[in-house]
Amino acid sequence: MTGSLVVVGTGPGKHELMTPATQAALAAATDLVGYGPYLDRVPMLRADQCRHASDNRVELDRARHALALAASGRRVAVVSGGDPGVFAMAAAIFEAVESGDPVWRTLDIRVEPGVTAMLAAAAEVGAPLGGDFCAISLSDNLKDWATIERRLKAAAEADFVIALYNPASKARPHQLGEAFALLRTVKAGETPVLFVRAAGSVEVKVVATILADADASVADMRTLVIVGASTTRRVGRWIYTPRGAKS
Ligand code: SAH
């Protein structure tokens with residue numbers, strides 16, 4: 001038996017937003033590897049399938065474990081939420097390949113895309129990502145806060161719509177407030193700000209406000225924050241960013 005490894009994204013929550021390609025990859029796997037709550041979203045597909053649940057913080061160990069299983073001949077699916085390539089396991093797998101056993105470079109490794117949180121969040125409110133936008137993770141587990149601040153400032157000065165992943169966690173309660181304070185030095189107070197919690201799931205909750213009033217305590221680990229560009233605006237009950245811009 002030849003082993004393989006596929007990194008899949010289960011989408012933002014709703015089963016209909018999981019792609020058929022991801023469902024097929026999950027059904028074909030002998031082993032599922034992932035963060036416990038993400039694995040719990042995957043229904044039992046075959047009786048002989050092994051599940052290896054792990055803690056959220058040990059991504060590189062989880063990646064090495066998955067690669068070792070694939071090298072031993074198992075068909076492994078590594079499960080992420082959203083898209084596996086966006087602040088998630090696909091990059092962790094390649095980091096582990098780069099620093100690990102040279103044999104891992106010859107493995108059959110594939111990535112199946114998924115609907116990432118910012119796309120699900122944007123769709124809940126209209127089309128806020130309709131013009132140029134960028135995505136920044138506020139987590140400073142793997143990068144320093146100075147880097148995050150530099151990127152926020154550059155994105156604000158370039159008038160991008162900014163999608164903020166990992167806006168808050170119990171371990172990092174203050175960063176979103178600091179990010180808003182920094183963005184207020186560049187972007188106008190009336191800039192639309194959206195807090196979309198559990199986008200693309202039945203529990204979705206949207207708070208729409210403006211940068212001057214944005215309260216960081218609204219966000220938690222399941223929230224995606226979108227900060228508009230100067231052109232982002234309301235039309236009826238929707239919020240959108242026109243495709244064009246002039247400087
Ligand atoms: N790979 C994931 C992102 C992992 S980072 C993806 O592509 O969506 C984890 C962060 O993603 C969370 O802190 C939150 O900011 C965001 N997120 C994930 N799922 C979400 C959802 N359903 N609704 C809103 N934000 C979500």
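Of the 19 residues around the ligand, D83, V86, T116, M221 and T223 come nearest. Around means a heavy atom within 4 Å. This is a predicted model: local features need pLDDT of at least 70, side-chain atom pairs pLDDT 80 or more, while totals for chains, interfaces and linings use all residues. Numbering runs from 1 along each chain as its sequence is written, and side-chain values use heavy atoms, without hydrogens or water.

The shell divides into 12 nonpolar, five polar and two charged residues. Asp, Glu, Lys and Arg count as charged; Ala, Val, Leu, Ile, Met, Phe, Trp, Tyr, Cys and Pro as nonpolar; the others, Gly among them, as polar.

Now polar contacts, N or O pairs within 3.5 Å. A side-chain N or O atom of T116 sits 2.6 Å from a ligand oxygen. For M221, a backbone N or O atom is 2.6 Å from a ligand oxygen. A polar backbone atom of A117 lies 2.9 Å from a ligand oxygen. The protein buries 91% of the 540 Å² that the ligand exposes alone, by Shrake-Rupley with a 1.4 Å probe.

Last, the helices, DSSP runs of H or I with at least four residues. The axes of α3 (residues 59-71) and α4 (residues 89-99), lines fitted to C-alpha atoms over the stretch in contact, come within 8 Å and cross at roughly 70°.

Note on methods: Polar contact = N/O pair within 3.5 Å; in protein donor to acceptor, adjacent residues only side chain to side chain. Axes fitted to C-alpha atoms, helices over the stretch in contact; angles between N-to-C directions. Helix = DSSP H or I, 4+ residues; strand = E, 2+ residues; numbered from the N terminus.
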